[in-house]
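Hi everyone, thanks for coming. Let's take a look at this one together.

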Amino acid sequence: MLVRIYTDGAARGNPDGPGGYGTILSYIDKNGMEHIREFSAGYKKTTNNRMELMAAIIGLEALIKPCEVELYSDSQYLVNAFEKKWIDSWVKKNWKRGKNEPVKNSDLWKRLLKAKELHQVKFIWVKGHDGHPQNERCDELATTAADGKTETLLDDERE
């Protein structure tokens with residue numbers, strides 16, 4: 001079963017105000033029916049990369065059975081960590097990088113790595129704000145989550 005996860009780390013409002021992230025699972029069941037399951041929450045604004053990580057973790061941890069996953073993100077940092085093997089070098093260097101600097105948010109990266117181990121995940125970068133339909137979906141989710149209107153994001157609103 002192929003599962004598509006869309007993430008966005010959009011943080012909104014003032015620095016101490018609510019931020020948001022959104023992630024959505026879209027999958028086809030054994031009868032050929034499409035299902036959409038959304039996971040969204042509000043967080044204090046930190047960094048977009050941290051929110052991208054959280055969105056990816058929430059999405060992957062929600063999958064009970066091992067799946068083939070396409071994870072769409074506009075964060076090159078998140079995608080490159082796995083697609084360009086940065087995460088492998090971090091593990092080999094005991095979660096250090098560059099001039100022996102600790103990896104930021106290593107607890108979240110470790111959690112994502114653990115969630116990823118259960119699934120066959122392909123991380124796909126969608127350039128932010130370029131009109132690409134996959135990125136538009138990421139943006140829509142994050143905006144909806146940040147605005148606290150997750151109940152209005154219905155299956156029939158998809159293209």
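When I say contact, I mean heavy atoms within 4.5 Å. This is a predicted model, where local features need pLDDT of at least 70, side-chain atom pairs count only at pLDDT 80 or more, and totals for chains, interfaces and linings use all residues. Residues are numbered from 1 along each chain as its sequence is written, and side-chain values use heavy atoms, leaving out hydrogens and water.

So, which residues of H2 meet H4? From H2 we have Tyr77, Leu78, Ala81 and Phe82, and they meet Trp109, Leu112, Leu113 and Lys116 in H4. Sorted by class, this contact has 7 nonpolar, no polar and 1 charged residues. Here Ala, Val, Leu, Ile, Met, Phe, Trp, Tyr, Cys and Pro count as nonpolar, Asp, Glu, Lys and Arg as charged, and the others, Gly among them, as polar.

H2 spans residues 76-83 and H4 residues 106-116; helices are DSSP runs (H or I, at least four residues), numbered from the N terminus. Their axes, lines fitted to C-alpha atoms over the stretch in contact, come within 12 Å and cross at roughly 55°.

Definitions and conventions: Axes fitted to C-alpha atoms, helices over the stretch in contact; angles between N-to-C directions. Helix = DSSP H or I, 4+ residues; strand = E, 2+ residues; numbered from the N terminus.
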